[in-house]
Amino acid sequence: MSSPALRRACAALAAVTSLTLAAAACGGTTKDSAKKDDSAASSNAEADPGAATKKGLDVAFLPKQVNNPYFTVADKGGEKAVKSLGSTYKETGPNSATDTSGQVSYVNTLTQQQVDAMAVSAQDPGALCTALKQAMKNGIKVVTYDSDTRPECRNAFVSQSSAEALGRSQVQLLGEQLGYKGDIAILSAAQTATNQNIWIGFMKDELKKPKYKDMRLVKVAYGNDDAQQSFQQTQGLLQEHPRLAGIVSPTTVGLKAAAQYLSGSKYRGKVALTGLGTPNDMRKYVKNGTVEGFELWDPAKLGALAAHTAVALSSGQITGKAGETFEAGDLGTFTVGKEGVIDLGKPTVFTGENIDDYHF
Ligand code: RAM
């Protein structure tokens, strides 16, 4: 599809009609060409690292959940970076981390609006694929950040850190905190969440090591990144397993709610709690002895890197293939890794010693 006018007409048609109809009218999407797109979500174009950074692009952020403070910080970082690059930013998305069909509709709407790029944190690895592929077929660059879909359904994934290191380190932190002994539970986000499920996979694997032989995972509970549900799930875990020694919660919403519950209960300081949280949410629970330590990356930097990636893709500086490099402003130079994954870096462990140095 060469002319922008034709591209826009086809994009609008594709967003509101079936794939086959749009394909027939625009001549691009047969079964075979769809297959070709699958092998390299980014098309076969070569990257031009020296290409000028395009300005005036429409870049949209679509988090798992708009009213989650973690995404507020991440997307603010994205907004600042998009604007600093001379492009236009907008954010849209569902209120609930389990509204997967809502997220699909938001993708379709952005396709219909013919944005230039979208940064998406996927609630579910597979559910968004068809809609995201449709967006890419219409020339829209798709970056996942925070939580991925499948590699063929986006151009690149901006990851907070190595998923393996994040999963293992949370178990290591918990082990240290409870002396490597006792029953433990996981309080996760939504049951479908790609990021949490990958981390949990590595947590289970870490627990197989001999040093954890006296630690036993008794339950994985899901609080759906909803404060009230996460609070109730924590309460339920302790009712069901009164001898629980520790909880790990790989979600900012879950960790805060679990800390809130433990803090006001007889378990404060007795049941260990760690996971992923923001220093601002967790400060008071570290100070009152509910939590000894937890970790996280800087969400604003994650959002900024997603923005730089989206603009680099739209400018043709990268296509999402392993080995390509690009500049991400103050964040430095990044290299695209295997399967289009771009790692932000290492997370920080927060304890009473350093928490006051961080304000997000
Ligand atoms: C919650 C979300 C998000 C995750 C953080 C750690 O805010 O589930 O996807 O990365 O926690």
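**Walking through the model**

Modeller: Of the 360 residues of the protein, 53% count as buried, where buried means under 20% relative accessible area, exposed over 50% and partly exposed in between, with a 1.4 Å probe and protein chains only. This is a predicted model, where local features need pLDDT of at least 70, side-chain atom pairs count only at pLDDT 80 or more, and totals for chains, interfaces and linings use all residues. Residues are numbered from 1 along each chain as its sequence is written, and side-chain values use heavy atoms, with hydrogens and water left out.

Colleague: How many helices and strands does the protein have?

Modeller: There are 12 helices and 14 strands. Those are DSSP runs numbered from the N terminus, helices (H or I) of at least four residues and strands (E) of at least two.

Colleague: And what share of the contacts join residues at least 24 apart?

Modeller: Among contacts between residues at least 6 apart in sequence, 70% join residues at least 24 apart. Contact here means heavy atoms within 4.5 Å.

Colleague: OK, sheets. What is the strand order in the six-stranded one?

Modeller: That open sheet runs E2-E1-E3-E4-E5-E13, with parallel pairing. Strands E2 (88-91) and E13 (341-343) stand at the edges with a single partner strand each, so one side of each has no neighbour in the sheet. The twist averages 20° from one strand to the next. For pairing, DSSP has to find at least two bridges between two strands.

Colleague: How many bridges hold E1 and E2 together?

Modeller: Four, in the parallel sense. Phe61 stands opposite Glu91 in E2. The chain goes from E1 through H4 to E2, a right-handed β-α-β crossover. Right-handed means that, with the strands pointing away from the viewer, the path from the first strand over the helix to the second runs clockwise.

Colleague: Which strands does H4 lie across?

Modeller: Helix H4 (residues 69-84) lies across E1 (58-62), E2 and E4, and runs at about 165° to E2. The axes are lines fitted to C-alpha atoms, for helices over the stretch in contact, and the angles run from 0 to 180 degrees between N-to-C directions.

Colleague: What about E4 and E5, how many bridges there?

Modeller: Three bridges join E4 to E5, again parallel. Val143 has Ala156 in E5 as its bridge partner.

Colleague: Switching topic: how many disulfides are there?

Modeller: One, between Cys129 and Cys153, with the sulfur atoms 2.1 Å apart. The cut-off for a disulfide is a pair of cysteine sulfur atoms within 2.5 Å. The link is right-handed, with 90° about the S-S bond.

Colleague: Which parts does the pair tie together?

Modeller: Cys129 lies in helix H6 (residues 129-137) and Cys153 in the loop between E4 (141-145) and E5 (156-159), so the pair ties together parts that are 24 residues apart in sequence.

Colleague: Are those cysteines buried or exposed?

Modeller: Buried: Cys129 has a relative accessible area of 3%, and Cys153 is at 0%.

Colleague: Now the four-stranded sheet. What's its order?

Modeller: E7-E6-E8-E9, open and parallel. Strands E7 (215-222) and E9 (272-275) are the edges, each pairing on one side only. Neighbouring strands are turned by 20° against each other on average, direction ignored. E8 (residues 244-249) pairs with E9 over four parallel bridges, and Ile247 stands opposite Leu273 in E9.

Colleague: Which strands do H7 and H8 lie across?

Modeller: H7 lies across E6 (182-188), E7, E8 and E9, at about 160° to E9. H8 (residues 194-206) lies across E6, E7 and E8, at about 165° to E6.

Colleague: How far apart are the end C-alpha atoms of H7?

Modeller: They are 22 Å apart, which agrees with the 21 Å that the 15 residues of H7 (residues 163-177) should span at 1.5 Å a residue. The expected span is 1.5 Å times one less than the number of residues. Buried residues in H7 include Leu166, Val171 and Leu174. Gly179 follows the helix, with a positive phi near 65°.

Colleague: Which residues other than glycine have a positive phi?

Modeller: Gln114 is one, at about 55°, in the loop between H5 (100-112) and E3 (117-120). Asp225 is another, near 50°, in the loop between E7 and H9 (227-240). Gln114 counts as buried at 17% relative accessibility, and so does Asp225 at 7%.
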